[in-house]
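Here is a short briefing for a first look at this structure. Keep the sequence and the 3D view open as you read.

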Amino acid sequence: MASERDEREEWTERADDVPVTGEELLETFPGYHAEGDVSVLELPGRDAATVPNRSVLRPELAGALEHDLYTHQAAALEALAAGENVCVATSTSSGKTLVYALQIARNVLEARASGEESTAYVCYPTKALSRDQERELNDVFADLGVDVTVRVYDGDTERGETRRRIREEADVVITNFAGVNTYLHDHDRWARFFRACDLVVIDESHTYTGVHGMHVAWIVRRLERVLEYYGAAPQFVLTSATIGNPGEHSEALTREPVTVVDEDGSPQGPRDLVLWNPPPRVREDDRSGLEAEDGVDDGETPDADHERLPATVEAPRIFSHLTYHDAQTLLFTPSRKLAELSVKRATKHRSDREYYYANPNSRGDLEPYHAGHSRRKRHATEYGLKTGRLDGVASTNALELGINVGEMDATVQLGYPGQRQSFWQQIGRAGRDEKRALSVLVAEHRTLDQYVVSNPDYLLDEDVEDAVVDPGNDAVFAQHFRCAADELAVDGDDVGTFASRDRLERAVEMWRRAGQVRGHLETGVSYTGAPRPQTDVSLYATTSEEYEVRLADGVDDRHDPEMEPLARERVLRDFHEGAIRLHEGRQYEVTNVVHDVPNPHVIVRPVDVDYYTRSRSEVTILDAVSEESREIGDFTLHYGRGTVLVYHGAYDEVAVHGGRTKTAGVPTGNPPLEIETQLCWLEVPADVERALIEKYRDWCVPDMDGGDAAHVGYAGGLHAAEHATIGVAPLELTLDKRDLGGLATLTIDSHLAGASDGEHGGESEGPRSFAAAKAVVKAQADALEREPASGWFVYDGIEGGLGFSRAIYENFEAVAARAREHVAGCDCGRVDGCPACVMDDQCGNDNQPLHRQAAVDVFDQLLGNERRDALEAYLPDDGHGGQRRPPLFYS
Amino acid sequence: MAERDGVRLLALPPSVALERSIPALEDVRGYFDPDGVVIPGPRRKPRAVARARRVFVGPVFHPPLADAGPVTRDELDGFPIVTVQRGAMLEDAADALEGALSIVDHVVLVCDDVTTTVRPTALETRLEYAAELAAAVPDDGSGVTVLTGGLPADYDETWHLERTGEPLGVGRDPVADLETGDDVVSLRIHGTGAVEGHGDARSISALSLSRDGAVAVETVDADAFGLEAVTGVGPKTANRLEQEGITTRRRLLETDVETLRSLPGIGRDRAERMLAHAEVLETGEPRRLTDEPLPGENWERPPLCLDVETDGLSPTIVWQVGVYDPLEDCHRAFLEDSNPDDPRSVLQAFLDWLLGVHPDRALLTWNGWRFDYRHLGAFINRYLPGYAEEWDRVPKLDCYLWAVRGRNALLPGRTNRLADVSSALGYEHAGTGLDGAATAAAYERFTRTGEVLEWDRHRAYCEDDCRALWHVYDRLRDAPRAEAVSSESTSERAGGKTDQTGLSDF
């Protein structure tokens, strides 16, 4: 033992290693952890693969570079030289910026040689990143000795003369897509810049997925048609974190063929990856005061099922511990508030244990970092990290994207960030040159985190999630169509490039009827509605209907929360009358919600109360129409469209301290949210269903209405399978679980478009009530002639859809296999599961009924893991008992 | 006002009727001189109706109230107006419509439930109560104009419907080549509701309905009337003035600066400015606020007044360039009347003339940096790049930029549109019956179908705008200077120098 210790001490003293290794962390961290809760993986490093500069670059550029190019940089530059568009999908700090910087330099030198100009439009996802990269690019061009004017042009750029000069003089303009969206209106002022544009850069392109990705894809298409008008045909460079489908994703964004460069030639040091499951919670009265306070402060609901300490408590302690041991550490938190709170907790962790953290020379200078801070404060923090003045920073994902803060010794993640792509991007922040780095993932007690820590292979797998961008959402297309017609007349030249003829013609007709455009596709369609349709585009929602947040009359302006406008979906879910919302650390109560006026708005006032609110939700699906279907064994999977009603009809007031429900079921007064969207659904074959109903006939949920019916066990299986499908979907696809919803049902047919009611029946009557919608489903179920199929729906929770259901339809087997593995593998030992496997905090039915084993049975039959005869024993002898099933459904 | 062949209906949004002061509404009455008033539904607003009746002379229509029954037929100066309370009752109006059309050629049907519903997820816009409308109107619908508060007053589309109400399309073109050709109903649907983009105060529109079915609309900000029409008077100040018994602009003019200054928040500059503008509005005489010269006024020769016509707001061609030369009192029009696919020739002809005959003259426009110069520049760059440099050198002046955005002058007129400003300054318009949108739509139709325009009429429209511009410029040149009111505004001024390139940024 002693010798082992000595060996390790010797090892840590070696200059090229991290101050603390994974094993040392385990050994030195005060407090209990059970065998198996923490695992340390040692990831090997990788040597650099380089190419001599001169084989790729002209001598004047090659000579100016200090180092040889990595192979991926060289490959990208060669593809660009051959006129191709390129997507560079390699690791953090692998020198992606240098690729387009060199391409810009090449273009500029070449153009100037013949007395011309060459410009580049560079788009970053955030304004903070734009400023950082402006410095970075300027440094590169200075090193190269090429005179290139790089300027940021975004919402913070001073209006008037400054802007005019940038448009008229800059070689490189750095901006973001919200900016491009609005600047396109005045494209004539950019005539010089656009005419000379040879390169468009989309940096961190993997961040453009879902709704936001769709908007960006359309803004890029609008930019392309304007550039074409000015005779420019620029190349694209996209840089991306490692994702599963960089080529497909880039092509969806740009509508151009793209060459993918993803053979990473940059060197990487070895890394200790620690997967850390926090220890079980000690009993309430045994807890130190620290956790008791902490646990409630961030809206944590102490739940009977919460058997482990939350990551929100454990991660700051590890962060604190590492910085004490001289490892400069970045802690990634899922929210701004937690970034702030984590610094406090980390500091308190140390001061509460002075006996342990006794070294007076270890300062422990920690700072929070997030986009809510002023630019000055953020710069100071970035600088503090770079120079080593700060020992640690707790940051939101604001530091995940390429802002240069130098390289850390260690990272800690408070919870799994949801995506492998994000996970790798964040831990890539640790690792000085080729030294050993340390990364700790502290798991939360929920599906994804628990899956990841118990299946480390998943993280190490080569596969990464696909990024989904679906330009098929007509609601988003329709908005950008108006903008396009405002920028340049939409005409025959746009057929096939901007959209298909049919789609363009339908959009023209729709907007003509609405009085918003004039003209025809043959001769040109102009926008004639209220000025600047671009300002109506909300880059994070599919419809332009937004609610302003206003302060109640008589409240001092300094209390103004200055919230961004809210999408209608959010208002209906979280901003009902009486809701308590926390914003930037302050409590606000919603006092009024005004829906049906030209400027819908939400009125709030600051309050100080000891409860928060949680809205309940109910979901049903109507008028689903199958557009495509396929067989998986004798299961049938459908993809199509339908109407989803989500009703946040009531809410609970929950005590901040202790998490007890103080008042239950207060009506919200909000109407249901009706979304027309994309969905996919699985139909379970009748014999599987019959057998499973019999198999679980005796299982019941005592305190649930109708919880003793014969179908409840099987229904619980479908419900659990639905939750699990959605829960693991982010393992395969880049999506936010909140963008997906589901519904398990015994009567799929009653949710399908019935032949009885006309195509547009009832639609003109405005928003329907939820009770009426349920009645329709029930009536349809009663009227069914054949025995309906059972199964579950998965839908996109956004008007018009996002392409997620479509992607799940296409990858259903993979998603189902993960779900099965996860549900079966959870060690909660409970029939109805736990938050780590099948329970979902957004469940509209209070997580009832749920049956894990029944879900596993369904998955096994679907995936062919089990032979059908395994169920035969359960099939009733007399065919089927003929008992009519109730139209039960659970979201 | 010219002699009318028809009636003028004022569309007064309920919030405007309720929130504007009585003197302001009286000012509205004086300005529009309507024959009747519509309070747009579909919500019932009895108090707005009562207030409108108090001020206006003619009948006040508000179908949701149905105070004279769910379906009524009135006559306004011999012009039949049928109102229907609810969309579901439209078919009950069939007899009233038929009866009216047996006497006259055109009838107005007012029903506020008629509206459009846009469903972007389905790329579809529907007309609510289309079936009921199609069933209610006699013949092919061409004798009926539907007015509805369910749509803004700038909505004006002709819907072609099957008799079942199934929409076939919209537009002025007749529906051709349809199997159902015999039984197509074409209905002009015109909004009466508040128009977007007029701020919190909303807008007021006047609809001029001709006996031949033509509809023309004029929309003005609701706060361009009464005291608030005066620059520097917002709702709060108007309120305070009213409390002091100053309820009209005429009364305001009779008030001295010292009295105004005694009101909270009003300094000398503001008081003087208020009085100056009140006088401009009352007398129709413009007033210059600064010593800033009117662009080009000190030059040896006056600028050439320019106006261009395109085929739409996002043009594919600038098909007419009109230039009025005040020195010779003559107008030149450059026109592409044969080949709409050729955006080059007309520009080339214009430039050759301009650079050849008038190499030393400046151009003058009304808000040209937003439209005329913007599009000419873009088209020259694209189609005649060889001329781009020469074109850049031509001095380009903008009367609007100087007067309105640069705040160098106070103008009468309730809007800053050239037509309003020039009328208020006494310019007699030629009365072509056209506006920018109509002339663009006509050219677009010519491009698409070959249907020839009445070229003379369209030429006259463009010439009229050029001459109106000169009228405004000329009046501004001779306008008296207000004294000592400039200090407040100088810092906000844009441009001012003769080489105006300005335009605030976005």
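This is a predicted model. Start with two helices of chain A, α26 (residues 812–825) and α27 (residues 852–863). Their axes come within 9 Å and cross at roughly 145 degrees.

- The crossing of α26(A) past α27(A) is left-handed.
- From α26(A), the contact is made by E813(A), A816(A), A817(A), A819(A), R820(A), V823(A) and A824(A).
- From α27(A), R852(A), A855(A), V856(A), F859(A), D860(A), L862(A) and L863(A) take part.
- Sorted by class, this contact has 10 nonpolar residues, four charged residues and no polar ones.

**A five-stranded sheet**
- Five strands of chain A make an open sheet, ordered β21-β20-β24-β23-β22.
- The pairing in this sheet is mixed.
- At the edges lie β21 (566–567) and β22 (580–583) of chain A, and each pairs on one side only.
- Strands of a sheet pair through backbone hydrogen bonds, in a parallel or an antiparallel way.
- β22(A) and β23 (residues 586–594) of chain A run antiparallel, joined by four bridges.
- To find this pairing in the view, look for L582(A), which stands opposite Q587(A) in β23(A).

**Chain A as a whole**
- Chain A holds 28 helices and 34 strands.
- Its radius of gyration is 29 Å, close to the 29 Å given by the globule rule for 891 residues, so chain A is as compact as a globular protein of that length.
- The C-alpha trace of chain A spans about 85 × 85 × 65 Å along its principal axes.
- Of the 891 residues in chain A, 53% are buried.
- Among contacts in chain A with a separation of 6 or more, 74% link residues 24 or more positions apart.

**Where chain A meets chain B**
- How many residues of chain A are in contact with chain B? There are 39, and they touch 32 residues of chain B.
- Four elements of chain A each supply at least two residues of this side: α19 (474–487), α20 (501–513), β18 (517–520) and β19 (524–527).
- By class, the side of chain A that touches chain B has 16 charged, 12 nonpolar and 11 polar residues.

Technical notes
Residues numbered from 1 in each chain as written. Chains lettered and ligands numbered in written order. Predicted model: local features only at pLDDT ≥ 70, side-chain atom pairs only at ≥ 80, totals over all residues. Axes fitted to C-alpha atoms, helices over the stretch in contact; angles between N-to-C directions. Left-handed = near helix turned anticlockwise from the far one by under 90°. Contact = placed C-beta atoms within 7 Å. Nonpolar A, V, L, I, M, F, W, Y, C, P; charged D, E, K, R; others polar. Rg over C-alpha atoms; globule rule 2.2 N^0.38 Å. Buried ≥ 20, exposed ≤ 12 C-beta atoms within 10 Å, placed from the backbone. Pairing = 2+ DSSP bridges.
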